[in-house]
Structure formats: structure tokens, C-alpha cells
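Subject: Handing over a structure, with notes on its aromatic rings

Hello,

I am passing a structure on to you with this email, and I would be glad if you opened it before reading further. My notes come after it.

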Amino acid sequence: MNQIWTSVKSQLKEKLPGHCYRMWIEPIAFSGNENGAFVLTCPNLFSKKRISEHYGHLIEDALSIETGKALAVRLIVRPSQPAESREPRQDRQMKLPDIDLPTNSGRMLRKDYTFDQFVVGKNSDFAYSAALSLAARNMGSQNSLYLLSKTGLGKSHLSQAVGHHIFQAFPRERVYYITAEDFMNEMTDSYRSSSIHRFKEKYRQECDVLLLEDVHFLSGKNGTQEELSNTLESLINANKKIIYSSSYLPSDIPKLHDKLKSRLCSGLISKIDTPDYKTRLRILKQTALSSGYSIAETVLQYLASELTEDVRQLKSGLIGVAAKASLLGSDVDLTLARSVVKNIVTSRDRITLDSIKRLVCKYYNVSIADITSPSRRQAIVRPRQVAMYLSRQYTDHSLQTIGKSFNRYHATTLHALKAVEKGVKEKGPFQKHVEFLSERLEKGKR
């Protein structure tokens, strides 16, 4: 029977992507026959669930081909190690239920940002497997992972899922979850308070897993880049784990030191793309189930077909439908869903670089010639930056294309995006301007 399982694994190895086979099939072992069932052991409960849902039918098909008859497959969790080899239970900290999990440093991990809550599709399968492999210590000598995606597609979810998994599987590990901006601010404060040595000691000697978000924020931050480069070198030399996330490839981030760029590129880079219809529908179903919403299949199918931008928009639509039905005391039907979706969906096919320029120029009372000119007057620079920002938000054009449209270099375009993002975060009049223009674009009033 062991020989049969070996042959079945060989079949599956030819059918599945390499990373999927190594992650899920390779660790499975044959256990025996029980009541006519082919019993296989999995490393843990999570692995058992994942294999059952995604690879169970493939295993049964391969087994029937190999044996010439249909056999039921039963998955069990591999027996745990003997009690004397386990860590003393009294040294473990029990996980508190239903609260966000605090890391050893930085931000809280969202309680719902776990691997089992992440819906995997063709758009994210490789990134998911890579993140889980790193968390489970199955990546060999590979100690870092760079998650790349546009906003709202799940890179923060996967990054935090790594933290959750490590807390559960390796409770003694010290996990730091921070953004690049947090790192810079903490470093600056440590210089002001003459505690920079403590800062260096904390990140270089007291951190086992670093989850670093939004690394593109470091563009042009020379001092922070130098300190982070040295920190990363210390962590990697000590065989620590690092997860980076960003909306840009390291090579696309301007004003980034070669040393830091090389370090960011040295690990595995995995991109998360926009989910397809089937994946969007599964995301909606899981979100509805976990949130306790009872929504008809036809409504979920409608939302999945209309809300195509990202996962954040998808969930926002579902929550909006459920909330409106609750407030009105009405049923969740297609009519109600359409009323919610029309206020969310952006008609990107009708939003162009030119239409954005016209809207911004009209609002700021400047001409298109002005914002595409070399002028550096503030009255021209600000509208130009806003137009670039909206172009990035509402079109699928690359930074290079957007910059060329405004007669600007790639680095200038990225600087404009950061300047607008910073202004929006300050929640002042400028934020209102950007929100107003965004609303006009979304409603087609251009």
C-alpha cells in the first residue's frame, strides 16, 4: 500500500504546480486501511482541512486509477509527539478568544486575518502557499517573502496571517508587526530621546519575525533606509523571518538605496492579482457566513459580477447590502442590491486620463497646458499632483504611463502620489477636495 501511495503522489506531482505539491501533498503519509478506507495522515488540522477541500477529489481519482477501483480516502491528523518531548505547558500563554492579537511590538493583528479566513484563488494561490510555507518553516533556507499587490487585494491579510500562525505554532517567537512609517517614526523618536542603542537592540536582537508593511514609504528616506538595511542584514544573518508588503516592486521604488533594494529583492517576490468571478463569489459566501448574513445566491452572484475592483470593495458592498436591509426592515433582493452597488461601482471604462485632467483643471481653474507644463508654481503643482493621484486610483495605467501623460518622470509621479496620500491623511480641507473630486468621478459628473 505504501508503494501505491508513492505512485499516487507521483501522479499528483505531475498535475499540480510545484509549490502546491510541496506544500500540501508531499507531507502526507500513508497510515493504513480502515473499514475499506485508504487512511492518510496530515501534519495538522489546518493542513487536513485544506487538503480535504482542495485536493481530496484529486487524490481519490489518482487512487482509483492506480488501484483500478474506487476507494474512499480518510484524512487524519498525525499523532502528536510524546508528552516528554513537548514544551512545558505552563510556559505557554493561552490565546484569548475573539480579540485582536497583540504582537510583541507595533500594531495589533486583526483576529480575522488568518490563513483559514483567506479565500484562495488563482490570483493568490502562489502568494498564499509561500506565506504559509514561511510561517510553517517549510521554505528551507528562504527566510523572506515580498508580497506585492494593489491596495485592497489581501497582502496585509496574508502578512498578519503569518503572525497568527507563528503565535499558534511557535508561541515563544517574538513577532513585530509594523509599517515602514512606524519604523521611521520610532527610529526618529529614539534619536530624540538618546535611546537609539535600545532601538537597534530591539529590532536586531529581540525580533524573531518582522512583518513590515508599505516599504515603498521609505522612498527618499535616506537615514531610515540605512538603518533598515543594517537591521535586515542582522535578522537574515540570524536566520530570522521577514515578510515585506508593498504596492510596488523594489525596482519601481525611486530613491531607494541599492543596498536596501538588493535586500528586498533577495527573497521570494509573490504578486496578488485581482480575483476572478469564482473567487469573488467564494469571498462573498465566506464573508456572509462569518458575519452571520443570510443572503440569497442570486444576490451574491450579482455582487460578484458587479464589484470587480478589489476585495475591499467586494466586502464593502456586502456589508452595505446587509446594513441597508436591516435599517429598512426589508428583504435582501436584487433591487436593494442594485441600489447599493450603483453608489459603489466606479465606471472605470469611462474614466480616462483626459477626463481626470479636465475635471481637476475645471475644479482648480487651471488649464491642461498648465498641469502638463514644467511650471513648479504651487498653484499648478497641487492640481497636477491631485490629477496624478486620481489617475492612479481610477485607471489601470502604470506609473510610467501616468507620468508621461503629465510630462513627468516616474519618480516625480510617485512623489506626487505620496504627497497627496499624506495630505489626505491629515484630514483637513485638502482631504475634502480629493473626496469631492473622487465622488464626481464615481458618479460620472466629469
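Predicted model: local features only at pLDDT ≥ 70, side-chain atom pairs only at ≥ 80, totals over all residues.

Counting two rings as a pair when their centres lie within 6.5 Å, the total comes to 11 aromatic pairs. One of them is formed by W5 and F38, whose ring centres are 6.4 Å apart and whose planes stand at 50° to each other, which makes the pair tilted. W5 belongs to helix α1 (residues 2-15) and F38 to strand β2 (residues 37-42), so that this pair links distant parts of the chain, 33 residues apart. Both W5 and F38 are buried.

A second example is the pair of F118 and Y128, which is stacked, with 5.8 Å from centre to centre and 25° between the planes. Because F118 lies in the loop between β6 (108-109) and α5 (125-135), while Y128 is in helix α5, the pair ties together parts that are 10 residues apart in sequence. The cut-off for buried is under 20% relative accessible area, and therefore F118 counts as buried at 10% relative accessibility, as does Y128 at 2%.

Elsewhere, ring pairs join Y176, F183, F199 and Y203 into a cluster. Y176 also has a charged neighbour, since the charged end of K202 sits over its ring, 5.8 Å from the ring centre.

Best wishes

How values were computed: Residues numbered from 1 in each chain as written. Heavy atoms only, no water. Phe/Tyr/Trp six-rings, centres within 6.5 Å; stacked < 30°, edge-to-face > 60°. Helix = DSSP H or I, 4+ residues; strand = E, 2+ residues; numbered from the N terminus. Buried < 20%, exposed > 50% of the residue type's maximum accessible area, 1.4 Å probe, protein only. Lys NZ or Arg CZ within 6 Å of the ring centre and 35° of its normal.
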